[in-house]
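How does one learn to read a protein structure, feature by feature? The dialogue below takes up a few features in turn.

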Amino acid sequence: MKLTVYTGLILILVAVHVTVLPSLSVWGVAPDVGLVAVCFVGLLAGEFDGLLVGLILGWAMSLFSAQDLATSILVKGGVGFFAGLAGRQITHVTPPILVGGLIMTSMLAGLIVLWSMKPNDQQDLWWAVRTIIFPQACFDAVIGGLSYWLIWSRFNLDRLADGVE
């Protein structure tokens, strides 16, 4: 069952990444829904599932984008693993906690990608942080926070964990 759900999630996210997200970009910055989804998988299913989905999703999404293969695989796999660790340590994840975590995670992922590209000088570094990395981190956090709030309020994850409807 998990294999079917994860395979469907990966196929849908890759299709959305290729077809829908380029038209949803704001000021040339599109959200990284793969990073948000890997965070959700890690938080809700654990570190191994987050790592596995992150590695496969990073590989699949790098096939259709200009991102480096190794960087995409390592970043998304690492995000899934650490989100799983955080999900095990934090007893009650609320939307504000998730938004803060997504901002930090997305900023770190963007800085790792930027570091792998080796910008020419300090001006290029600050330009990329100011115009691409920070807006994308905010965009990812808004999408992740709204998605988690919708899931949290609609399904009430606390009641589902207790088995009460």
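Predicted model: local features only at pLDDT ≥ 70, side-chain atom pairs only at ≥ 80, totals over all residues.

Q: How is the packing of two helices described, and at what angle do H2 and H3 pack?

A: Two packed helices are described by the angle between their axes and by the distance between those axes. Here helix H2, which covers residues 33–45, packs with helix H3, residues 47–63, at an angle of about 165°, and their axes are 7 Å apart. Since angles over 145 degrees count as roughly antiparallel, H2 and H3 are therefore roughly antiparallel to each other. The crossing in which H2 passes H3 is right-handed.

Q: Which residues of H2 and H3 meet?

A: On the H2 side they are Gly34, Val38, Val41, Gly42 and Ala45, and on the H3 side they are Glu47, Asp49, Gly50, Val53, Gly54, Leu57 and Met61. Sorted by class, this contact of H2 with H3 has six nonpolar, four polar and two charged residues.

Q: At what angle do H2 and H5 pack, and how far apart are their axes?

A: The angle between H2 and helix H5, residues 95–117, is about 125°, with the axes 11 Å apart. That angle makes H2 oblique to H5, and the crossing of H2 and H5 is right-handed. From H2, the residues making the contact are Leu35, Val36, Cys39, Phe40 and Leu43, while H5 brings Leu98, Leu102, Thr105, Ser106 and Ala109. By class, the contact of H2 with H5 has eight nonpolar residues, two polar ones and no charged ones.

Q: How many disulfides does the structure hold?

A: A disulfide calls for a pair of cysteine sulfur atoms within 2.5 Å, and the structure holds zero disulfides. Cysteine 39 is in no disulfide, and the nearest cysteine sulfur, which belongs to cysteine 138, is 15 Å away. Cysteine 138 is likewise in no disulfide, with the sulfur of cysteine 39 as its nearest cysteine sulfur, 15 Å away.

Q: Is cysteine 39 buried or exposed?

A: A residue counts as buried when its relative accessible area is under 20%, so cysteine 39, at 6% relative accessibility, counts as buried. Cysteine 138, with a relative accessible area of 25%, is partly exposed.

Q: Where does threonine 71 lie, and which residues is threonine 71 in contact with?

A: Threonine 71 lies in helix H4, residues 69–89, and at 11% relative accessibility threonine 71 counts as buried. Once its neighbours within four places in sequence are left aside, threonine 71 is in contact with Ile112, Val113 and Ser116.

Q: In which helix does alanine 128 lie, and which residues is alanine 128 in contact with?

A: Alanine 128 lies in helix H6, residues 122–155, and counts as buried, at 8% relative accessibility. Its contacts, leaving aside neighbours within four places in sequence, are with Leu114 and Ile133. Along the chain, alanine 128 and glycine 110 are 18 residues apart, and their C-alpha atoms are separated by 9.3 Å.

Q: Where is the place of phenylalanine 64, and is phenylalanine 64 buried or exposed?

A: Phenylalanine 64 has its place in the loop between H3 and H4. With a relative accessible area of 53%, phenylalanine 64 is exposed. Not counting residues up to four places away in sequence, phenylalanine 64 touches Val14 and Val18. Phenylalanine 64 and valine 18 are 46 residues apart in sequence, and 6.7 Å apart in space from C-alpha to C-alpha.

Definitions and conventions: Residues numbered from 1 in each chain as written. Heavy atoms only, no water. Buried < 20%, exposed > 50% of the residue type's maximum accessible area, 1.4 Å probe, protein only. Axes fitted to C-alpha atoms, helices over the stretch in contact; angles between N-to-C directions. Helix = DSSP H or I, 4+ residues; strand = E, 2+ residues; numbered from the N terminus. Parallel < 35°, antiparallel > 145°, perpendicular 65-115°, else oblique. Left-handed = near helix turned anticlockwise from the far one by under 90°. Contact = heavy atoms within 4.5 Å. Nonpolar A, V, L, I, M, F, W, Y, C, P; charged D, E, K, R; others polar.
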